[in-house]
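Reader: I am new to this structure and would like to understand the words used for it. Could you take me through them one by one, setting each value beside the rule that it has to meet?

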Amino acid sequence: MHRPRPVALSLAVRLLAALVGVAGCSSAPGPAREAGHGSAQAAGPVVRATVADGLAVPWGVAVLPGGDLLVSERDTARIVRVAAAVATGGSGGSGGSVAAGAAGATGGAGGTKTEVGLVPGVTAGGEGGLLGLALSPSFEDDHLVYAYLSTAEDNRIARFTYDSARPSGSRLGIPSVLLSGIPRGPRHNGGRIAFGPDGLLYAATGDGGTADIAQDKGSLGGKVLRLTADGAPAPGNPFPGSPVYSYGHRNVQGLAWDAESRLWACEFGADTWDELNLIRPGGNYGWPVVEGIGHRPGYLDPVAQWKPAEASPSGLAYADGALWMAALRGTRLWRVPVEGDHLAGSPQPYLEGAYGRLRTVVADRDGTLLLATGNTDGRGDPRPGDDRVLRLTLPGPTAG
């Protein structure tokens with residue numbers, strides 16, 4: 001079975017490189033240990049604006065055709081529309097700074113916020129609640145919004161119409177459940193959903209705290225799922241009649257496609273390694289048998305790995321030749337240059353500690369990144385104005 005090339009340096013290779021001046025690669029410590037150390041730091045993103053502030057545990061971010069945003073709040077189960085007009089903020093450097101001003105009822109330092117409605121049936125608690133959002137590929141015609149949400153019994157995917165002409169607070173139609181029975185637990189609920197270049201809906205799930213179900217292809221937990229827009233198993237899935245696209249995952253929360261339509265996913269490890277994986281149909285990514293790079297027959301190794309203290313990755317986006325990975329515990333944004341099915345250079349961290357925990361990153365149509373913080377989730381240290389959505393400009397492709 002083909003494996004993506006992992007990038008990590010062993011102590012022996014580094015010693016040899018010091019003696020002969022030649023850099024080598026092997027499979028020992030993760031790339032996060034090397035990132036930003038011993039190599040020139042590539043030009044980083046610049047925080048240009050606070051798009052919204054005063055949000056309560058923002059999770060999913062979807063960009064509407066006109067540029068406004070829909071943002072889901074995990075614990076309140078509400079969806080907020082954020083106006084595209086923003087106030088500029090930041091120092092102009094790669095670290096940026098928080099725009100001044102406290103959050104007001106309509107947005108504080110950022111754009112105007114309008115509650116468009118509450119999603120019924122959501123049971124928040126632990127890591128569960130109203131999680132990922134995705135717009136229909138035909139949103140301008142059908143006005144359909146998809147949501148990944150937790151109930152008292154399970155996680156599920158639902159869709160509903162969004163009618164901007166209706167009064168504030170009641171713009172959402174009655175949800176239709178497309179897929180239920182995704183295992184739910186106090187943690188490891190996954191939650192990211194996205195439509196791929198093929199027009200199909202992909203969903204990232206977690207093991208719900210029961211590790212063994214990740215290896216059970218009959219369970220929806222610990223998987224990447226691929227569905228039609230109506231929630232049926234997608235034609236051509238690797239296991240006929242099943243929505244399972246890949247398995248052996250612990251808790252996937254980031255999905256992104258590169259310029260060649262390859263699907264990448266990031267996931268939380270336990271105590272050893274967080275992972276960035278190139279997703280292959282039917283691939284077994286090892287959990288709980290293998291965590292990180294294991295070189296075990298029958299399991300696909302991650303392309304990159306990090307210690308959880310430096311990552312705990314949630315959001316993932318692709319822009320300017322690199323994957324951008326939002327880290328919660330690591331409180332930084334990782335730039336991961338990729339070429340084909342492997343890394344094109346060492347991952348490098350930006351915004352370290354500048355905005356606390358980072359939950360979601362989205363590539364906007366204008367080439368900027370949208371970055372949602374996650375400091376009000378019960379594990380962070382909220383600052384005045386948290387949580388917020390920031391807009392970042394990128395320096396363009398650089399050497400890794």
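This is a predicted model: local features need pLDDT of at least 70, side-chain atom pairs count only at pLDDT 80 or more; totals for chains, interfaces and linings use all residues.

Reader: What makes the largest cavity a cavity, and which residues line it?

Author: The word cavity is used because a 1.4 Å probe fits at its points but cannot get out. The lining of the largest cavity is made by Gly248, Arg250, Glu267, Phe268, Gly269, Trp273, Glu275, Tyr285, Trp287, Val290 and Glu291, and these residues divide into five nonpolar, two polar and four charged.

Reader: How do you know that a charge sits over the ring of Trp287, which is one of these lining residues?

Author: The rule asks for CZ of Arg within 6 Å of the ring centre and within 35 degrees of the ring normal. Arg250 lies over the face of Trp287 at 5.4 Å from the ring centre, and Arg250 too is among the residues that line the largest cavity. For Trp273, another of the lining residues, the charged end of Lys307 sits over the ring, 4.3 Å from its centre.

Reader: What is the peptide bond from Trp287 to Pro288, cis or trans?

Author: That bond is cis, with omega near 0°, and Pro288 has its place in the loop between β17 (274–278) and β18 (304–306). The peptide bond from Asp386 to Asp387 is also cis, with omega near -10°, and Asp387 belongs to the loop between β25 (369–373) and β26 (389–393).

Reader: What makes the pair of Tyr202 and Trp257 edge-to-face?

Author: Ring centres have to lie within 6.5 Å for a pair, and planes over 60 degrees apart count as edge-to-face. The rings of Tyr202 and Trp257 are 5.1 Å apart centre to centre with 70° between the planes, so the pair is edge-to-face. This pair links distant parts of the chain, with Tyr202 in strand β12 (residues 201–204) and Trp257 in strand β15, 55 residues apart. Tyr202 has a relative accessible area of 3% and is buried, and Trp257, at 16%, counts as buried as well. Together with Tyr245, Tyr202 and Trp257 form one aromatic cluster.

Reader: How many aromatic pairs does the search of the whole structure find, and why is the pair of Phe239 and Tyr247 given the name it has?

Author: The search finds five aromatic pairs. Phe239 and Tyr247 have ring centres 6.0 Å apart and planes at 70°, so their pair is edge-to-face. Phe239 is partly exposed, with a relative accessible area of 22%, while Tyr247, at 11%, counts as buried.

Reader: How do you know that Val145 is buried, and which residues is Val145 in contact with?

Author: Val145, in strand β8 (residues 144–150), has a relative accessibility of 1%, and therefore counts as buried. Leaving aside its neighbours within four places in sequence, Val145 is in contact with Leu70, Leu133, Ala134, Leu135, Phe139, Ala158, Arg159, Phe160 and Tyr162. The C-alpha atoms of Val145 and Leu135 are separated by 4.7 Å, although the two residues are ten residues apart along the chain.

Reader: What makes the largest pocket a pocket, and which residues lie nearest its centre?

Author: A pocket is an open set of points, with protein on both sides within 12 Å along at least five of seven lines. The largest pocket has a volume of about 880 Å³ and is lined by 33 residues, of which Val63, Ala194, Phe195, Val362 and Ala363 lie nearest its centre. Among the elements that give two or more residues to this lining are β2 (58–63), β11 (193–195) and β24 (358–363). The lining residues divide into 21 nonpolar, eight polar and four charged.

How values were computed
Residues are numbered from 1 along each chain as its sequence is written. Side-chain values use heavy atoms; hydrogens and water are left out. Helices (H or I, at least four residues) and strands (E, at least two) are DSSP runs, numbered from the N terminus. On a 1 Å grid over the protein atoms alone, a cavity is a set of points where a 1.4 Å probe fits but cannot get out, and a pocket is an open set with protein on both sides within 12 Å along at least five of seven lines; lining residues have an atom within 4 Å of a point. Ala, Val, Leu, Ile, Met, Phe, Trp, Tyr, Cys and Pro count as nonpolar, Asp, Glu, Lys and Arg as charged, and the others, Gly among them, as polar. Grid points are joined across faces, edges and corners, and a volume is the space filled by probe spheres set on the points. Rings of Phe, Tyr and Trp (its six-membered ring) pair if their centres lie within 6.5 Å; planes under 30 degrees apart count as stacked, over 60 as edge-to-face and the rest as tilted. Buried means under 20% relative accessible area, exposed over 50%, partly exposed in between (1.4 Å probe, protein chains only). Contact means heavy atoms within 4.5 Å.
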